[in-house]
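Hi everyone, thanks for making the time. I'd like to walk you through one structure this morning, so please have it open and follow along.

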Amino acid sequence: MAEAKSIAVTTTPAEGGKGLGLLSLVVGLAAGGAVYAITDYLGAERPAVLPVVLTQTVCVFAAGWLLLAERGRVVSPILPAAIIAAVLAIPTWFFASIDIPPAFDLEMFPAYFWSFIAGPLSFYLMLTIAKSALETGVPPHYPSVFFHGITMPLIGGGAVLFAGLALLLLYAWAALLKQMDVAFFSELFDEPWFILPFLGAIGGLSIAMIRSQQSVLGALRFILLLFSRIAMPIMAVFSVTFLVVLAMRGPDAVLGMEAFMGRPSGVVLFIAFAGMLIFNGVYQNGEGAPPPWWLRISTIIAIAAFPVYAGFAAWALWVRIGDYGLTPPRITGLAMNGLAFAYSIVLIAGLVSEINWKAKRWMAPVASLNTGMAALWLLVLLLISSPMLNSWAISAKSQERILLSNKIAAKDFDFGYLKFRLGKSGEAALARIEEAATGRADAAVIRAGIARARAALSYWEYQNPDLVRPEPEPGDAAIEPPAQDAQPGPMDLELNPDGADVDTPISAGPAGE
């Protein structure tokens, strides 16, 4: 009974999406129409900074408003939804406005990380905190934060799934009618002015319909929490195995594993964050009593290994940075590693509280610290994706520093990485390196490397100089001269070898034929 009660502690006084169907339909339809207007009037603008930012802002505002709204509380969520949209627009504007010259293979990891990980995660965290604050005040109570944190992804994912299924059925229906010589609907569904508002309306209506199905959402939450309880003992066994291998064979055994694809710190951090999510699924909203002894001990073992994961990932990352300097992916790795260390403090506080084994609440400090960790995650994700922390500029200065400090020999330094992968910051670093090379013993090698990087038309050409065939300069002879001992051909004979008058007939042969 205690276990079932612990899993079921996910109730909230909110009424879901009841009574919000019409509002959701209208807002979704208006958002789709706005996206069509943006693409129609600004779609040809280059660079496409304004269309991209406006499209994201409209979608984020509409989705945020519908997810924050409740029956009887429709107007008040407008302001937090607008603030969330405005905050997310800043990094998107920064990345969309980057000028990439032709043939430049700029390191786009920061932009991809923002688009697929940091941006959606920031939206999720801000939405969860705002929803909880509207219900419980500021600062939000952790039970509300936990409830909405586990529910929001279910609603958003379901709305995207339903919109995709509706679009698929729409085109299947149009294709069927086209086979029956009715092409009107097929042509209609290809029109952006129709399909974009349609998708917006379906998406908005899906949000309201899914939110109203509290029993279904409750079942999905139960499955997720039950999975966490099943996964926790597995995580504990894996943690013990990892620690034993690390103690017996040393860190080099783990660093040399081919499965890590040369990024051991990233893989270990991924395992650590997966364990963090599983732990929170077991811990839930912080109001329950301790779980059964087998789950409690498994949790203690798993979270005791979390600081080891964070420390190992930091060491592996620091070794790479010490040898090869900073790059945009390594800067992101440092930020994620810092978050892992910060969450280690939360888990250590929970472990210390286990001294009182018979406490009524399980790991009580974790609940209040989790809310602060959500805010810290949001701050770090926004910071590393903002113009304030330009990872290209930081990486260029780091690469410049390891070269000039002789950590990497000039003959082994990748000058092409600065030019082609770090954009304008890399070009500025090349200019500074060229100026600082004066008086150095390796000045000739440095200048030769910089010249080769500037002469290359692409990063591939810089990396493969032996595979690039030089093009002939204008005016070069296209046909090689004949060899000295070559016999003259018919085209090499002079038309008037004896200087005779052009009217003098030339004998064709000894017989005068």
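Let's start with arginine 440, which forms a salt bridge with aspartate 442; the closest N and O atoms are 3.0 Å apart. How exposed are the two partners? Arginine 440 has a relative accessibility of 22%, so it counts as partly exposed. Aspartate 442 comes out at 18%, and because buried means under 20%, aspartate 442 is classed as buried. Please keep in mind that this is a predicted model.

While we are on salt bridges, how many does the structure hold? There are nine. Some of them share partners, and in that way Glu70, Lys131 and Arg211 are joined into one network.

Next, have a look at arginine 454 and glutamate 434. Their side chains meet in a salt bridge, with 2.9 Å from N to O.

Now for another pair. Arginine 296 and glutamate 354 form a salt bridge whose closest N and O atoms are 2.9 Å apart. What does this pair tie together? Arginine 296 belongs to helix α12, while glutamate 354 is in the loop between α14 (328-353) and α15 (364-384), so the bridge connects parts that are 58 residues apart in sequence. Are these two residues buried or exposed? Both arginine 296 and glutamate 354 are buried.

Threonine 299 has a relative accessible area of 0%, so it is buried. Which residues does it touch, if we leave out those up to four places away in sequence? Threonine 299 touches Met232, Phe279, Val282 and Trp362.

Phe279 brings us to the nonpolar cores. The largest one has 107 residues, and the members that touch the most others are Phe279, Met336, Trp377 and Phe415. Apart from that core there is another, of seven residues, including Ala174, Phe189, Ile195 and Phe198. Going back to methionine 336, its contacts beyond four places in sequence are Phe113, Leu269, Phe273, Trp377, Leu381 and Ile384.

Helix α5, residues 109-136, packs against α14 at an angle of about 45°, and their axes are 8 Å apart. That angle makes α5 oblique to α14. Who makes the contact? On the α5 side we have Phe109, Pro110 and Phe113, and on the α14 side Pro328, Pro329, Thr332 and Met336. Sorted by class, that is six nonpolar residues, one polar and no charged ones.

Take threonine 332, in helix α14. With a relative accessibility of 10%, threonine 332 counts as buried. Setting aside neighbours within four places in sequence, threonine 332 is in contact with Phe109, Phe113 and Ile384.

Helix α6, residues 142-179, and helix α9, residues 214-249, pack at an angle of about 110°, with 10 Å between their axes. From α6, the contact involves Phe146, Phe147, Ile150, Thr151, Leu154 and Ile155; from α9, it involves Gln214, Leu217, Leu220, Arg221, Leu224 and Leu225. By class, the contact has nine nonpolar residues, two polar and one charged.

Last stop: methionine 388. Where is it? Methionine 388 lies in the loop between α15 and α16 (391-404). Its relative accessible area is 73%, and since exposed means over 50%, methionine 388 is exposed. Along the chain, methionine 388 and proline 91 are 297 residues apart, and their C-alpha atoms are separated by 9.9 Å.

That's my tour, and I'm happy to go back to any of these places with you.

Note on methods:
Residues numbered from 1 in each chain as written. Predicted model: local features only at pLDDT ≥ 70, side-chain atom pairs only at ≥ 80, totals over all residues. Heavy atoms only, no water. Buried < 20%, exposed > 50% of the residue type's maximum accessible area, 1.4 Å probe, protein only. Contact = heavy atoms within 4.5 Å. Core = buried A, V, L, I, M, F, W, Y, C linked by side-chain atoms within 4.5 Å. Salt bridge = Lys/Arg side-chain N within 4 Å of Asp/Glu carboxyl O. Helix = DSSP H or I, 4+ residues; strand = E, 2+ residues; numbered from the N terminus. Axes fitted to C-alpha atoms, helices over the stretch in contact; angles between N-to-C directions. Parallel < 35°, antiparallel > 145°, perpendicular 65-115°, else oblique. Nonpolar A, V, L, I, M, F, W, Y, C, P; charged D, E, K, R; others polar.
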